[in-house]
Amino acid sequence: MPVAVKKLPDKEYITNLIPAEHIPEPKPPRYISKYRPQVKVEKKRTQEIAKTMGPAKVEIPDTKNFLRKNSKKAVNVKPAAAEKSSQDRTTCTTKKPSLPSKDNVPMCGMKTTKNFITENAIEIITSLPKKVTQKYCDTRNGDKHLLLPSGIKPLFIQKKDYGQIPAYLKKRREDVKMLHGRYEAAVKKQIEDNTMKQLSEEEREELLSGLKKNWEAVHHDFQGLSVVIDTIRKKHLKEKLEMLMKQLEQDIALIEKHKRIYLGNDPDGCQY
């Protein structure tokens, strides 16, 4: 007999060490359908009659009602024969033309006075000759090809506008010329509005030579400094001379780069 192990409680007692008897739980009652008797009766009435040897009574087939040919195929039952209308009998969509009457007799025996030989000769003489298609052969067997699309005959140099300036280049040249004219007019107007004066070439050369002389004088002073810079005064003097030389070099480069120099109302300011 199986023995169930009982879980020990939180506190242990000596009496809990004795194994207790296992009492099985009772099972619930088995499910039985309420339609069970009715199913048994229907089974006996339908299946158990012909369980081994088939049904007890079988209807004997009629000898006249045997299987005939095409009896199982669907038969199209035609409706009762009806009179066909004239529209059903007509196959053409349009009516044919009526026959000519007996009085309409065609004219026969008519002759023309046209001389076909002379007319054909005149037509051939006055017609233009057929233009011959130019071809070339590239093999000894006589294989012919068209000459014009082959590239052998120069066609591009025979054009009327060959060697001439294209129209789009002429238009572009005119547009560029017009833009330059507008720019010159705008600059001239701005000069007149701001009352700016343009330096002449002599004044520009004189200004450039004066800047170079000043640079040489500053450079001479810079070369006269002592080798050892041990005081604050010498250090400041060296930095001042270097800054002045750098500024003169920038002014000289700027004047040499621009050929046109305009002076405004402010004597210290200029435009290039």
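Residues with relative accessible area under 20% are buried, those over 50% are exposed, and those in between are partly exposed. The model examined here is predicted.

By this scale Tyr-162 is partly exposed, because its relative accessibility is 45%. Tyr-162 sits in the loop that runs between β2 (144–146) and α4 (167–194). Together with Phe-156 and Ile-157, Tyr-162 forms a nonpolar patch on the surface. The accessible area of these residues together is about 350 Å².

The largest nonpolar core has 10 residues in all. Its members are Leu-199, Leu-208, Leu-211, Val-218, Leu-241, Met-245, Leu-248, Ile-252, Ile-255 and Ile-261. Two elements, α5 and α6 (232–257), each give two or more residues to this core. The largest share, 5 residues, comes from α6.

Beyond its neighbours within four places in sequence, Leu-248 is in contact with Leu-211, Asn-214, Trp-215 and Val-218.

Arg-204 lies in helix α5, which spans residues 201–223. Arg-204 is buried, because its relative accessible area is 4%, and the cut-off for burial is under 20%. Residues up to four places away in sequence aside, Arg-204 touches Ile-255, Glu-256, His-258, Lys-259 and Ile-261.

How values were computed:
Residues numbered from 1 in each chain as written. Predicted model: local features only at pLDDT ≥ 70, side-chain atom pairs only at ≥ 80, totals over all residues. Heavy atoms only, no water. Helix = DSSP H or I, 4+ residues; strand = E, 2+ residues; numbered from the N terminus. Buried < 20%, exposed > 50% of the residue type's maximum accessible area, 1.4 Å probe, protein only. Contact = heavy atoms within 4.5 Å. Patch = residues over 30% accessible without salt bridge, like charges linked within 9 Å, V, L, I, M, F, W, Y side chains within 5 Å. Areas by Shrake-Rupley, 256 points an atom, 1.4 Å probe, with all protein chains shown as cover. Salt bridge = Lys/Arg side-chain N within 4 Å of Asp/Glu carboxyl O. Core = buried A, V, L, I, M, F, W, Y, C linked by side-chain atoms within 4.5 Å.
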